[in-house]
Amino acid sequence: MSVCHERSHPVDRRVRLQGRPVDSYPALPPEAERGSVRRVTVLGEEILNRSCQDVTEFGSPELSALIDDMFLTMYVADGAGLAANQVDVDLRLFVYDCPDDYGIRHVGHIINPVLDLPNPGSRRLVDDFEGCLSVPGAGMAVPRTDRAVARGLDKDGNAIVIEGTGYFARCLQHETDHLFGHTYLDRLSKRDRKEALQQMEDRREDVFAQRAVKAASLGR
C-alpha cells in the first residue's frame, strides 16, 4: 500500500509497535536495517491472483529474514504496507509502517491474519485515496470501513491483535485483501479500474526509477 498524508490530533502520539505503545522508535525500522531489497511483483503476475498459504513454521531464520527484506523493500518503494506475495512469496504475512488519521505511527508484522470489521449496522464506509506498490503509479478512491481489527501471530508464533482506525484500518484491509489474491482494483468500477490501469501505464517507469534511486542511496 502507498503512503498517505497524516493529520494531527491531541492524543497519545507514541509509536505503536505490534499494537503496543513504545516511548521511542527509529525512523528506519531495525528490520529494514538488516534487510535486502526484493523485486516487487506487479499486477498481472499469477501469485497476486490467488490466496496465499498459511505460515506453519515459526521462529526460523528464514522467516525473520523474509520480514527484514519486506520492511526494506516497503521502505525503498515508499510504501505503508507490503504483503508477502508482493515479493513473490506465497505466505499469509504482511508488514506495515503506517500512520492513522491522528498521525500515530503503527509498525509491525502479522502472520495468518483474520480481519474483524464492524457489523453492517455500525459500519462507516469512507472513500479515500488508495495506491498499491504492485500497481505502480496508480491511485484511486476506494470505499473501506474506518475501523478494523487484525488477529494473528508474530514471527515467533505469539498471538497478537492489531487495532486500526482511519487510514491504518484501510491499510489492514488492503494488505489482508492481498493475502486472498485481491488488489484494490477489484473493488473499483470498470471505469475507475480502466483509469487506474492507464495511470499505471503512464507512470510505472518513473516509479521504478524512483525506487532504484532510493535503493542506490542506501547502498542496496
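**Surface charge and enclosed strands**

Author: Glu201 has a relative accessible area of 54% and is therefore exposed, in what is a predicted model. Glu201 is found in helix 4, which covers residues 190-217.

Reader: Which residues gather with Glu201 in a patch of negative charge on the surface?

Author: The cut-off for being exposed is a relative accessible area over 50%, and Glu201 is exposed at 54%. The patch of negative charge on the surface brings Glu201 together with Glu195, Asp202, Glu205 and Asp206.

Reader: Is strand 4, residues 93-99, largely enclosed or open, and how many of its residues are buried?

Author: A residue is called buried when its relative accessible area is under 20%. Side chains in a regular strand alternate between the two faces of the sheet. In strand 4, Leu93, Val95, Asp97 and Pro99 point one way while Phe94, Tyr96 and Cys98 point the other way, and all are buried. Strand 4 is largely enclosed by the rest of the structure because the buried residues number 7 of the 7.

Reader: What is the bridge partner of Ala83 in strand 4?

Author: Strand 3, residues 81-83, is joined to strand 4 by 3 bridges, and the two run antiparallel. The partner of Ala83 in strand 4 is Phe94.

Reader: Which residue of strand 9 is the bridge partner of Ala148?

Author: Strand 5 pairs with strand 8, residues 147-153, in the antiparallel sense over 4 bridges, and Asp116 has Val149 of strand 8 as its bridge partner. Strand 8 is in turn joined by 7 bridges to strand 9, residues 159-165, and these two also run antiparallel. They form a hairpin with 5 residues between them, where Gly157 in the turn has a positive phi of about 90°. In strand 9, the bridge partner of Ala148 is Gly164.

Reader: What is the phi of Asp78, which is not a glycine?

Author: Most residues other than glycine have a negative phi. Asp78 lies in the loop between helix 2 (61-76) and strand 3, and with 44% relative accessibility it counts as partly exposed. Although Asp78 is not a glycine, its phi is positive, at about 60°.

Note on methods
Residues numbered from 1 in each chain as written. Predicted model: local features only at pLDDT ≥ 70, side-chain atom pairs only at ≥ 80, totals over all residues. Heavy atoms only, no water. Buried < 20%, exposed > 50% of the residue type's maximum accessible area, 1.4 Å probe, protein only. Pairing = 2+ DSSP bridges. Patch = residues over 30% accessible without salt bridge, like charges linked within 9 Å, V, L, I, M, F, W, Y side chains within 5 Å. Areas by Shrake-Rupley, 256 points an atom, 1.4 Å probe, with all protein chains shown as cover. Salt bridge = Lys/Arg side-chain N within 4 Å of Asp/Glu carboxyl O. Lys, Arg positive; Asp, Glu negative; His and termini not counted. Charge placed at Lys NZ, Arg CZ, Asp CG, Glu CD.
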